[in-house]
Amino acid sequence: MEVPADRFAEPAAAARRALVRRLTASGELRDPAWRAAFEEVPRHVFVPYYFARLPGSYERLWCEDPSPVRRERWLRGAYADVPLVTRVRDGTLISSSTQPSLMARMLQELRVRDGCRVLEIGTGTGYNAALLCHRLGDDLVTTVDLDPDIVESARAHLAAVGCRPALITGDGARGCPDRAPFDRAIATCTLTSVPWAWLEQCRPGGHILAPLATGLIALDVSDDAAHGRVAQGRFLRTPAHFVPLRGGPPPPAVRGGGLPRSVAENDLFRFLLNLTAGSLDPQEALSLWEREQRPERDRYGVTLRGGRQWSWLDDPEGPYAWPVGGRVSRGGS
């Protein structure tokens, strides 16, 4: 995979500093260690090309475009605080580079410490893995992706910036048992349920952060005398929209038919519909949502225990609880 040449180093460094200033000023980048990672890891190396959205199609921007104007657009876009579409197959988005502000939020919420072993699910371009390597060191980072082409492209990008984490081609839902146990697991793809393999490969006291139902669930892992390995946690307030975990079941179709448009398109109501898909119909969800005063995401949580996983509002043992992914049996994605 071709990567940008050194001639981009100086303008890229200036663009990178500007991005870090914006993320710091907005409060998205608070931790000095992660700030240093964003300052020093060059995002443009990981996106030698990407696709800008157009009505009904995409426009390819490329580091080797003959036009200086288009090359400048490519570099400017690489350091914009936006997600970048990096792979499209048969008109379907299959891989992207996450919006930097959301990356920063997720990495800080992962609560890593020196010496933490991290499992990343969804290698993508390799940029997030490079940030983890900068913070922790190559030997402590394991990243998994299903697509061999994506893995080899990420390997080239990572090598170009001097990073060599354990890079695995495989089903992310299975984790990486050969490299376990892990202290942290982070996913950059949307789940329909939390794979049990991740839970079993995390040490007690570990932490899992993953996109689920247009939100980010932060799970604390522990051992329970009666049930073995368990996990529980709440959603962050922030919305999160990622490409689905490949190889797993597709996300459920969510419809707000029969509801006013202002409700059916409300972000928090759509989150509830996604979270309870298969358990509540839209009218039931609307009744609950209004009765509970339109709750924010952080009032919801998820519990994995005894071969079951369920989402809940306010209290894991309270009256509002729904099976995650519409299933109660062990197995995950």
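Strand E10 (residues 215-224) and strand E11 (residues 228-234) pair in the antiparallel sense over five bridges. Two strands count as paired if DSSP finds at least two bridges between them. Strands (E, at least two residues) and helices (H or I, at least four) are DSSP runs numbered from the N terminus. This is a predicted model: local features need pLDDT of at least 70, side-chain atom pairs count only at pLDDT 80 or more, and totals for chains, interfaces and linings use all residues. Residues are numbered from 1 along each chain as its sequence is written, and side-chain values use heavy atoms, with hydrogens and water left out.

**The sheet**

- The open sheet has ten strands in the order E7-E6-E5-E8-E9-E10-E11-E12-E13-E14, with mixed pairing.
- Strand E7 (166-169) and strand E14 (321-323) are at the edges; each has a single partner strand, so one side of each lacks a neighbour in the sheet.
- Neighbouring strands are turned by 20 degrees against each other on average, direction ignored.
- Aspartate 220 has glutamine 232 in E11 as its bridge partner.
- Helix H7 (residues 148-160) lies across strand E6 (141-145) and E7, at about 165 degrees to E7. Axes are lines fitted to C-alpha atoms, for helices over the stretch in contact, and angles run from 0 to 180 degrees between N-to-C directions.

- Strand E12 (residues 300-305) pairs with E13 in the antiparallel sense over six bridges. Glycine 301 is bridged to tryptophan 312 in E13.
- Two residues lie between the strands of this hairpin, and glycine 306 takes a positive phi near 60 degrees.
- E13 and E14 pair in the antiparallel sense over three bridges. The bridge partner of tryptophan 310 is proline 323 in E14.
- Five of the six residues of E13 (residues 308-313) are buried, so this strand is largely enclosed by the rest of the structure. Buried means under 20% relative accessible area, exposed over 50%, partly exposed in between (1.4 Å probe, protein chains only).

**Nonpolar cores**

- The largest core has 51 residues; Trp34, Phe38 and Leu131 are among those with the most contacts inside it. A core is a set of buried Ala, Val, Leu, Ile, Met, Phe, Trp, Tyr and Cys residues joined through side-chain atoms within 4.5 Å.
- Helix H6 (residues 127-136) gives the most to this core, with seven residues.
- A second, separate core of 48 residues includes Ala187, Cys202, Val221 and Leu313.

**Leucine 280**

- Leucine 280 lies in the loop between helix H10 (267-275) and helix H11 (282-291).
- Leaving aside neighbours within four places in sequence, leucine 280 is in contact (heavy atoms within 4.5 Å) with Ala285, Leu288 and Trp322.
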